[in-house]
Amino acid sequence: MTDITLAPIQPDQPSHLMATYGRQAISFVRGRGSYLYTEDGKEYLDALTGIAVCGLGHAHPVIAEAIAEQAATLVHTSNLFEIPWQTAAAQKLAEVSGMEEIFFSNSGAESNEGAIKIARKFGTQQGVRLPKIIVAEQSFHGRTLATLSATGNKKVQDGFAPLVNDFIRVPFGDVEAIQEAALQHPDIVAILIEPIQGEGGINTAPQGFSYLEEVRNICNQHNWLMMLDEIQTGNGRTGKYFAYQHTNIVPDVLTTAKGLGNGFPVGAVMTQGKAVGLLGPGSHGSTYGGTVLGSRVVYTVIDTIQKENAVENAAIVGRYIVDQLRAKLADKNVQVRGFGMMIGIQLPKDCAELVAIARDQHKLIINVTAGSVVRLLPPINMTQVQADDLLERLVTLINSYL
């Protein structure tokens with residue numbers, strides 16, 4: 001193996017990267033499980049996992065071995081040819097998702113783009129000239145132009161007008177608003193929502209997951225496609241393989257990414273029922289979607305999650321973390337909410353500065369979203385011992401801040 005050592009970046013050295021990120025003044029050179037390490041060997045507990053990406057932790061040995069072996073064998077042939085690993089990965093994903101057809105993309109945004117195209121194709125086949133899609137306020141669906149337009153966050157849309165038309169926005173969890181929209185817009189063909197709004201602050205609907213059942217009934221009533229964005233909530237994150245499995249319904253279209261590749265860039269848009277067959281040859285595609293390497297990673301991640309009972313672990317340890325936080329912070333006027341390893345702590349004031357304090361003083365990697373919500377997205381295979389380590393650091397942090 002070639003040994004390449006990168007020279008340290010000097011403070012006055014110009015960067016050729018577009019300044020699209022407010023980067024933290026730290027870099028990591030390796031990881032193992034729930035922990036990250038800097039060049040000088042300092043250890044940090046990672047309670048964010050690349051924003052819900054490394055669900056099985058960093059440098060998982062089984063996944064690392066599969067990547068190395070496949071990279072040394074065959075990486076890419078294009079979708080002009082049969083790809084056995086892609087077929088096998090689709091079979092695995094169909095088994096855990098309950099869906100029938102799967103298209104592999106490279107990201108969550110691309111997966112949601114696919115869902116939007118499916119909805120429009122469905123509407124066109126129903127004779128709707130300008131198909132419309134209902135989306136929710138405070139949602140986040142991506143940063144491509146269409147998914148940006150679907151997102152319910154004016155801040156991320158600022159400066160990119162004109163946006164893509166024909167998205168109807170309603171408050172998250174408001175069934176009456178959906179019914180009202182149906183009366184006002186006869187050309188609605190689908191609804192696209194997240195089971196839990198991650199970027200919006202780990203928000204669940206007021207009625208919990210029964211909201212999804214109500215939406216399913218409305219979609220059935222109006223012959224709409226029910227489309228769920230499980231980019232963040234999928235792949236065991238909430239204590240079920242997909243969050244909708246906390247209910248008895250099945251969506252028509254399901255998207256996912258993030259934990260699907262445990263750090264490898266891959267996503268998927270899936271269909272079942274009346275959404276099957278809407279996209280045919282020539283109507284959609286991707287140069288890098290479902291490569292030999294990417295497909296083997298997907299297969300290996302799903303197989304490893306199953307063999308390690310990581311979904312069940314996420315439910316048990318996630319509940320433990322939530323219960324402990326509620327008990328230990330009972331006098332701090334905070335609200336703790338979440339399912340599995342998707343946890344939000346709503347503080348009584350804005351707390352963006354906690355990210356730096358947690359990192360520098362407690363060697364803890366967290367995120368703050370929606371201004372005042374500390375977001376935790378630990379590995380779904382985190383042990384209780386590691387959870388106690390997380391709790392000690394986090395409770396100390398919040399107690400000192402409030």
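This is a predicted model: local features need pLDDT of at least 70, side-chain atom pairs count only at pLDDT 80 or more; totals for chains, interfaces and linings use all residues.
## Overall architecture

The chain contains 12 helices and 15 strands. Its radius of gyration is 21 Å, close to the 21 Å that the globule rule gives for 402 residues, so the chain is as compact as a globular protein of that length. The C-alpha trace spans about 60 × 55 × 45 Å along its principal axes.

Of the 402 residues, 52% count as buried. Where contacts join residues at least 6 apart in sequence, 71% of them link residues at least 24 apart.

Strands of a sheet pair through backbone hydrogen bonds, in either a parallel or an antiparallel sense.

Strand β3 (residues 43-46) pairs with β13 in the parallel sense, over two bridges. Within this part of the sheet, Asp46 stands opposite Ile365 in β13.

## Aromatic pairs

A search of the whole structure finds five aromatic pairs. One of them is formed by Trp85 and Tyr299, whose ring centres are 5.4 Å apart and whose planes meet at 70°. That angle is over 60 degrees, so the pair is classed as edge-to-face. Trp85 belongs to helix α3 (residues 84-97) and Tyr299 to helix α9 (residues 292-307), so the pair ties together parts that are 214 residues apart in sequence. Trp85 is partly exposed at 28% relative accessibility, and Tyr299 is partly exposed at 26%.

Another of the pairs joins Phe209 and Phe339, with ring centres 4.6 Å apart and planes at 50°, so this pair is tilted. The two residues lie in distant parts of the chain, 130 residues apart: Phe209 is in the loop between β7 (188-193) and α8, and Phe339 is in strand β11 (residues 335-339). Phe209 counts as buried because its relative accessibility is 10%, a value under the 20% limit. Phe339, in contrast, is partly exposed, with a relative accessible area of 28%.

## Charges over rings

Tyr299 also takes part in a contact with a charged side chain. The charged end of Lys92 sits over the ring of Tyr299, 5.3 Å from the ring centre. Elsewhere, the charged end of Arg30 sits over the ring of Tyr37, at 4.1 Å from the centre of that ring.

## Backbone geometry

Most residues other than glycine have a negative phi, and most peptide bonds are trans. The model contains departures from both patterns. A cis peptide bond joins Ala161 and Pro162, with omega about 0°. Pro162 is placed in the loop between α6 (154-157) and β6 (167-170).

Thr49 is not a glycine, yet its phi is positive, near 45°. Thr49 is found in helix α1 (residues 49-52) and counts as buried, because its relative accessibility is 0%. Asn223 likewise has a positive phi, of about 60°, although it is not a glycine. Asn223 is in the loop between α8 (210-222) and β8 (225-229), and with 35% relative accessibility Asn223 counts as partly exposed.

Where does His76 lie? His76 is in the loop between α2 (61-71) and α3, and it is partly exposed, with a relative accessible area of 33%. Leaving aside neighbours within four places in sequence, His76 is in contact with Thr287, Tyr288 and Thr291. The C-alpha atoms of His76 and Lys240 are separated by 32 Å, and these two residues are 164 residues apart along the chain.

Conventions. Residues are numbered from 1 along each chain as its sequence is written. Side-chain values use heavy atoms; hydrogens and water are left out. Helices (H or I, at least four residues) and strands (E, at least two) are DSSP runs, numbered from the N terminus. Buried means under 20% relative accessible area, exposed over 50%, partly exposed in between (1.4 Å probe, protein chains only). Two strands pair if DSSP finds at least two bridges between them. Rings of Phe, Tyr and Trp (its six-membered ring) pair if their centres lie within 6.5 Å; planes under 30 degrees apart count as stacked, over 60 as edge-to-face and the rest as tilted. A charge sits over a ring if NZ of Lys or CZ of Arg is within 6 Å of the ring centre and within 35 degrees of the ring normal. The radius of gyration is taken over C-alpha atoms; the globule rule is 2.2 Å times the number of residues to the power 0.38. Contact means heavy atoms within 4.5 Å.
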